[in-house]
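Reader: I would like a close look at a single part of this model, with the terms spelled out as they come up.

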Amino acid sequence: RQLSSIIRELIRIGVSNKQPTDLPTMLPNSDSRYRKDGGSNANRNKALFFCAALALSLASIKLSGTNRFLAISNAAAEDDLIKAETFSFDLTDEENDITDTTPLFDSSFAEYLKKGLSWYVANAGNKHFFYPDSNFHKTWPKADIPYWTKKRFPLNKYITPGKQTCFMHVGKAGGSTIGCLLGFSLHCDTNNQTVTSLLAATTAHATHRCVHDCSDEAAYNLFVVRDPLARALSAFNYGKQKLLEKNSTSKGWVRDKEFIFDCEFASLNDLAERGLVKDSDNATEECRVRSKKALLGIETSLIHWYYNYQYYYEMVSPDANIVVIRNEHIVDDWNAVETLLGGDADFTQEHVPVNNAREKKPEEVYLSDAAKVVLCETLCNEIQVYKTILKR
């Protein structure tokens with residue numbers, strides 16, 4: 001556990017301007033938001049190198065049952081990455097298993113909440129309800145919170161902050177699908193897709209990109225996660241499609257256009273092989289530098305690369321309770337969280353909508369072995385945070 005704390009701090013240092021020698025003063029429970037600083041490449045690279053070496057030395061972590069995770073050995077890292085045929089991995093760590101299985105709500109109250117929610121799902125229109133105890137409004141009292149962070153039904157008065165779940169909506173990880181099921185409205189269709197469940201009834205606030213509406217008092221912070229490589233691929237395709245769909249003069253649009261189109265990256269595979277592979281002379285030095293910075297999340301090209309797992313993980317307090325729904329196992333994980341709260345494990349695949357998705361061309365999803373290796377090397381920091389979220 002102490003090593004886990006050290007790794008977490010090294011990850012944070014990795015994109016900051018803190019010197020590695022500052023580490024002893026920051027352990028074990030620093031709450032500094034280093035992520036914002038950007039930092040120097042030299043210090044970041046030193047920290048990332050040490051982080052990777054330490055993380056790889058811990059690759060002997062126990063793996064059991066049907067759970068799988070990307071275990072990379074120091075001696076054959078490249079071979080292990082190439083052999084990873086799929087990127088849907090889970091982690092079992094017996095020391096971190098939840099030992100207190102007492103449900104947050106008793107069965108009678110759970111049924112009461114679900115009945116009330118069922119009525120709103122059947123009868124309510126498109127009204128969005130503002131919930132009290134908004135962390136966003138406490139921070140920005142004169143600002144309007146976006147409609148998609150509001151729910152399609154009112155919050156029961158007995159669901160106090162200490163009984164609430166807060167939704168950490170990580171982009172391009174399946175968060176829109178789960179958000180619509182919970183009663184939020186980002187990328188949902190016009191119909192109310194809320195599923196009658198205890199999790200939906202008690203999830204009160206959400207955090208997405210620069211809108212942070214979660215409270216440290218929340219009983220649980222719900223992360224929807226996806227393998228980092230699959231998320232990076234989805235984020236690239238999403239960002240490029242958005243550039244094709246509209247023309248704009250905004251700084252963000254121009255910045256992404258210069259990165260994707262001026263560098264002539266046709267796909268993520270193309271970016272990896274031309275922009276990340278060492279000694280490649282098929283891209284300009286500027287495009288190579290921007291490719292690495294963008295994928296590391298220290299440049300705002302491609303917005304969902306910038307708002308990465310590290311960004312969202314640092315939004316929760318060090319002692320927060322985290323629950324996870326994996327994109328690859330939505331039904332099983334939803335039922336596990338629902339049971340933890342005191343509900344019934346009756347969620348099925350039929351409940352799962354498909355939102356914010358389009359049919360992909362073969363070249364958009366193809367990744368060569370060489371591309372997978374260099375992408376995973378560059379995403380080392382992101383993979384470690386992903387693993388930490390699963391273990392929490």
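What volume does the largest cavity have, and which residues line it closest to its centre?

Author: This is a predicted model, in which local features need pLDDT of at least 70 and side-chain atom pairs count only at pLDDT 80 or more, while totals for chains, interfaces and linings use all residues. Residues are numbered from 1 along each chain as its sequence is written, and side-chain values use heavy atoms, with hydrogens and water left out.

The largest cavity has a volume of about 100 Å³. A search of the whole structure finds eight cavities of 30 Å³ or more. A cavity here is a set of points, on a 1 Å grid over the protein atoms alone, where a 1.4 Å probe fits but cannot get out; lining residues have an atom within 4 Å of a point. Grid points are joined across faces, edges and corners, and the volume is the space filled by probe spheres set on the points.

The largest cavity is lined by 12 residues, and those closest to its centre are L295, L296, N308, L379 and E382. Helix 9 (228-245), helix 12 (285-296) and helix 18 (380-391) are the elements that each give two or more residues to this lining. Helices (H or I, at least four residues) and strands (E, at least two) are DSSP runs, numbered from the N terminus. Helix 9 provides the largest share, three residues. By class, the lining has seven nonpolar, three polar and two charged residues. Ala, Val, Leu, Ile, Met, Phe, Trp, Tyr, Cys and Pro count as nonpolar, Asp, Glu, Lys and Arg as charged, and the others, Gly among them, as polar.

Helix 18 contains N381, which counts as buried because its relative accessibility is 6%; buried means under 20% relative accessible area, exposed over 50%, and partly exposed in between (1.4 Å probe, protein chains only).

Helix 12 packs with helix 10 (residues 251-260) at an angle of about 120°, their axes 10 Å apart. Axes are lines fitted to C-alpha atoms, for helices over the stretch in contact, and angles run from 0 to 180 degrees between N-to-C directions. The two helices are therefore oblique to each other: angles under 35 degrees count as roughly parallel, over 145 as roughly antiparallel, 65 to 115 as roughly perpendicular and the rest as oblique. R255, E258 and F259 of helix 10 meet C287, R290, S291 and A294 of helix 12, where contact means heavy atoms within 4.5 Å.

Definitions and conventions. On a 1 Å grid over the protein atoms alone, a cavity is a set of points where a 1.4 Å probe fits but cannot get out, and a pocket is an open set with protein on both sides within 12 Å along at least five of seven lines; lining residues have an atom within 4 Å of a point.
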